[in-house]
Amino acid sequence: MKKVLLHICCGVCAFGCIEKLKANDFYVEGFFFNPNIHPYQEYEKRKDVLKIVSEIYQINIREGEYVPTLWYNLCEAYKDEPEGGIRCKICYKIRLQETFKLCQTLKFDYFTTTLTISPHKNSRVIFDIGRNISENHFLQIDFKKDNGFKRTQELSHRYKVYHQNYCGCIYSKR
Ligand code: SF4
């Protein structure tokens, strides 16, 4: 069974992605690494949902270091970019690079991300970034396909978890 490390942006998106990976016979572990999330209380709320996700699917979910300045120093210059622009590309890269590092440390076969489940995110852009980090190890899955977003919404509502109403960073909140 191939091992995949799933970068998780939030619990809501995690439901559908984990379900799909397991249905495709992957051994899955999660990695919550999101220095983009603002403010800290919001970070905690999203992280709390992962306890439920991890119990339901019986998977291990690790947490990365929460260092907002790491994100801010690289993205602040692009604060006026629209969602999906340069700031977001940098934001995806920061998170995928760290996920790949952990993937290597754990000696997993692949890494991938819940980010592609969002209808607001262009999966091709995310694929390009993932492949540039590691062509051999990035698992290109467009989780929004086959009603993936609808499914993750269904599951997250079934378990009555917190749903955020913005992408994550201070600029998306604004
Ligand atoms: S809008 Fe979302 S993806 Fe884009 S920079 Fe902000 S948190 Fe990152």
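F26 is placed in the loop between helix 1 and strand 2, where helices (H or I, at least four residues) and strands (E, at least two) are DSSP runs numbered from the N terminus. Because 21 C-beta neighbours lie inside 10 Å, F26 counts as buried; a residue is buried if 20 or more other C-beta atoms lie within 10 Å of its own, exposed if 12 or fewer, and partly exposed in between, with C-beta atoms placed from the backbone. The model is a predicted one, in which local features need pLDDT of at least 70 and side-chain atom pairs count only at pLDDT 80 or more, whereas totals for chains, interfaces and linings use all residues. Residues are numbered from 1 along each chain as its sequence is written. Leaving aside residues up to four places away in sequence, F26 touches M1, K2, V4 and L21, contact being defined by C-beta atoms, placed from the backbone, that lie within 7 Å. The C-alpha atom of F26 is separated by 30 Å from that of N165, a residue 139 places away along the chain.

The sheet is open and consists of 4 strands in the order 3-2-1-4, with parallel pairing, two strands being paired if DSSP finds at least two bridges between them. Strand 3 (61–63) and strand 4 form the edges, each pairing on one side only, and neighbouring strands are turned by 25 degrees against each other on average, direction ignored. Strand 1 and strand 2 (residues 27–32) run parallel and are joined by 6 bridges, with H7 standing opposite F31 in strand 2. Strand 1 (residues 3–8) also pairs with strand 4 in the parallel sense, over 4 bridges, and the bridge partner of V4 in strand 4 is Y110. In a regular strand the side chains alternate between the two faces of the sheet. In strand 4, Y110 and T112 point one way while F111 and T113 point the other way, and all are buried.

Helix 2 (residues 40–57) lies across strand 1, strand 2 and strand 3 and runs at about 160 degrees to strand 3, whereas helix 4 lies across strand 1, strand 2 and strand 4, at about 150 degrees to strand 1; the axes are lines fitted to C-alpha atoms, for helices over the stretch in contact, and angles run from 0 to 180 degrees between N-to-C directions. In the loop between strand 2 and helix 2 lies P39, which is joined to H38 by a cis peptide bond with omega of about -5 degrees.

The buried residues of helix 5 (residues 123–133) are I126, I129 and G130. Seen down the axis of helix 5, these buried residues fall within an arc of 95 degrees, so they line one face of the helix, the arc being that of the directions from the helix axis to the C-beta atoms. Their cover includes helix 4 (86–106) and strand 4 (110–113), while R124 and N132 are exposed on the other side of helix 5. Q140, in the loop between helix 5 and helix 6, counts as partly exposed because it has 14 C-beta neighbours inside 10 Å. Not counting residues up to four places away in sequence, Q140 touches F127 and G130.

In helix 6 (residues 148–158), the buried residues are G148, T152 and S156. They cover an arc of only 65 degrees around the axis, which puts them on the same side of helix 6. What covers them includes helix 1 (11–23), and on the other side of helix 6, K150, E154, H157 and R158 are exposed. Most residues other than glycine have a negative phi, and most peptide bonds are trans. N147 counts as exposed with 11 C-beta neighbours inside 10 Å, and K160 is exposed with 8 other C-beta atoms within 10 Å.

The shell around the ligand is made up of N36, C75, E83, R87, C88, C91, C167, G168, C169, Y171 and S172, each having its C-beta atom, placed from the backbone, within 6 Å of the ligand. The elements that give two or more residues to this shell are helix 4 and helix 7 (170–173), and the largest share, 3 residues, comes from helix 4. By residue class, the shell divides into 6 nonpolar, 3 polar and 2 charged, where Ala, Val, Leu, Ile, Met, Phe, Trp, Tyr, Cys and Pro count as nonpolar, Asp, Glu, Lys and Arg as charged, and the others, Gly among them, as polar.

How values were computed
Contact = placed C-beta atoms within 7 Å.
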